[in-house]
Amino acid sequence: MTGRVIVITSGKGGVGKTTTSANIGTALAKGGSSVVLIDTDIGLRNLDLLLGLENRIVYTLVDVVEERCKLKQALVKDKKNPNLCLLAAAQTRDKSAVDADQLKSICEQLQEDFDFVLVDCPAGIEEGFKTAISGASEAIVVTTPEMSAVRDADRIIGLLEAKEEIKSYKLLVNRVRPNLVKSNDMMSVDDVVEILSCDLIGIIPEDTGIITSTNRGEPIVNDENSPAGKAYTNVAKRIKGEDVPFLDINEPKGFDAFLVKVKSLLGIKA
Amino acid sequence: MELNKRFIVDLSQAKTPADVVFEISNVLENPEAANRKIWLKLGNIALNQSQILSIKSLISSINSTLSLIECECEQTELAAATLGINTKDVEEELQSELSSLEPESPKDEPSEQYIPLEDYKKDVKMDEPSISESDPALSTDNDESIEQPEEKETFVETVSSENKEDTHKEEETDSSMTSHTESEDEKKEIQTELDSIFDSEVKLENILSEEKDLSQMQNWPLTKESGVDDIEIPEEVMTDEDYAILQMNTQYHKQTVRSGQVIQSNGNVVIIGDCHPGCEIHAAGDITVWGVLGGIAHAGCNGNTKARIRALTLNAIQLRIAESYARRPDHIKNIYVEKSNTFTPEEARYVNGNIVILKTNDK
């Protein structure tokens, strides 16, 4: 079995790389694939917190690289989903502890046992980024509909294109706020895709549930009512090759739909 | 003026070196103690040279000097004398200095009676009139410290810093872990491995959930009142391993240990401050945290199962003693425990391969 190694990157910090990794990983595992998540953000690890596995980590990526333990010992199994494993980063070291060749060989080993190897990339384009993309053959570029994030994503795509091993890269637009798009205060997803001229793999609406899910250590895909959770589940399906239509996030739902109706009755432009 | 430079600290009620270190560190927090000649009044307590040296270095860290030690114990007196520290009686010295300079301020005399340890600050006095102004500040400090339960059974020896790498002990634990049989089914292997590592989880969970989940209270295995003897806490008998810990050097840290920071020691570690989640403390001996312990603590990392971990608030992500591990139960989500004035000091120890936690006021 040869699994797919996918790196999740963005260039800019705070756009949701780690959240995306945790949720796509969980969604893929829920769909029956075996998944391993690698946190390469050494020294600033967060992925374990988002998955609620912080208290289970004994050995880390750095321990594996420095041969203090075997690779399999360092894999932390998820609480709920036995298909999902985490290879955590060390908190007490920095990016220089692991180099590109070492991560590449770890990815190759994991590839044999897992369907998907998802690499959570640190922010920036330095050493940490170069290490993270070293083992990957595919990439997901996370961005938000903001000029700064889009500019950074453009730079990242340039770097990914320059790397031969990366066969394909897809764009994921995170934290889209339909209301702001409608009032022309935010770039639309179409604008972002046009600027970056890159295939789209998902649109994730802004969702306050993300905050609570992060604090609880419970990925939002486990919440079936959450719009962001649904969107991430769809992304996971698209990664597997299913043809899933994009959620129409512009369509108002619930109270918003009611408001639109009232407004139209009163003759106010929505 | 010569007299103004003096600062008397009465620790005659301190029973162990740990008490002395704790109390001194608290006293030294007072800005009044800086740039002074410190006179130390000790009771019948045996300190060796290195211990006195470390106290001295503690005092010199705030630009003061340790100029006099009054002590009932001969060993301490000898050690102090060899270090060139005056070992005269505080009262006599005070008298002689007063008479040689100014015959005033006799009101400071009544330090004869013994004062409980908690009230040590009341006895911290100087001969200058300006101290009385600072007294209200001292007494408020004092009130706070009384509210917090004091843990006095700690045994901490000295404050010499030794930063030798403890890498070999990590290899030891590794070898024990690699000895798990490797089956062809790796997933099962991972599971069993984790299970064996976190064997003691149940107990930890019961204990930590004690206040939050009443239904589990009956199952709490560690209180004597509950009558459940799941785990029998053995009688306290001092063994060679215990003495080994007592003989170890002690690293003394007065800081907040933040995420990513590692403290390693071949001896005991005392931390005055909080240990945030993400930090790691490895010690061959005991780990004592005078604050909230939130990170990973590994006591007895060279294999000494008599090592203990104690903290005012024990909320560690993982506790490791020798080669046993325990993790924090999943339902505890408050990673940063709210600061409050009421603490329940707890102590983790190793009992028959498990890590058990005792509230210190259970004894």
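In this predicted model, six strands of chain B make an open sheet in the order β4-β6-β8-β10-β13-β14, with mixed pairing. Its edge strands are β4 (250-254) and β14 (354-359) of chain B, and each of them pairs on one side only. From one neighbouring strand to another, the average turn is 25°, direction ignored. Strands of a sheet pair through backbone hydrogen bonds, either parallel or antiparallel. The pairing of β4(B) with strand β6 (residues 268-272) of chain B is parallel and runs over five bridges. In β6(B), I271(B) is the bridge partner of H253(B). Helix α1 (residues 17-28) of chain B packs on this sheet, where it touches β4, β6 and β8 (287-293) of chain B. The direction of α1(B) makes about 25° with that of β4(B).

Chain A comes next. Its secondary structure comes to twelve helices and eight strands. Chain A has 270 residues, of which 55% count as buried. The chain exposes about 12,000 Å², and carbon and sulfur atoms supply 49% of that area. Among contacts between residues at least 6 apart in the sequence of chain A, 75% join residues at least 24 apart.

Chain A also has an open sheet, of eight strands in the order β3-β4-β2-β5-β1-β6-β7-β8, with mixed pairing. At its edges stand β3 (75-77) and β8 (200-205) of chain A; each has a single partner strand, so one side of each is left without a neighbour in the sheet. The twist averages 20° from one strand to the next. Within this sheet, β1(A) and strand β5 (residues 116-120) of chain A run parallel and are joined by five bridges. One residue pair there is I8(A) with its bridge partner D120(A) in β5(A).

Helix α7(A) lies across β1, β6 and β7 of chain A, at about 170° to β6(A). Helix α9(A) packs on the sheet too, touching β6, β7 and β8 of chain A, and its direction makes about 150° with that of β7(A).

How far apart are the end C-alpha atoms of helix α7 of chain A? They are 23 Å apart, which agrees with the 22 Å that its 16 residues (147-162) should span at 1.5 Å a residue. The buried residues of α7(A) are A149(A), V150(A), A153(A), I156(A), I157(A) and L160(A). These cover an arc of only 120° around the axis, which puts them on the same side of α7(A). What covers them includes β1 (4-9), α6 (127-133), β6 (138-143), β7 (168-176) and α9 (189-196) of chain A. The face turned away from this buried side of α7(A) carries the exposed residues R151(A) and A162(A).

Notes: Residues numbered from 1 in each chain as written. Chains lettered and ligands numbered in written order. Predicted model: local features only at pLDDT ≥ 70, side-chain atom pairs only at ≥ 80, totals over all residues. Heavy atoms only, no water. Helix = DSSP H or I, 4+ residues; strand = E, 2+ residues; numbered from the N terminus. Expected span 1.5 Å × (residues − 1). Buried < 20%, exposed > 50% of the residue type's maximum accessible area, 1.4 Å probe, protein only. Arc of directions from axis to C-beta. Contact = heavy atoms within 4.5 Å. Pairing = 2+ DSSP bridges. Axes fitted to C-alpha atoms, helices over the stretch in contact; angles between N-to-C directions. Areas by Shrake-Rupley, 256 points an atom, 1.4 Å probe, with all protein chains shown as cover.
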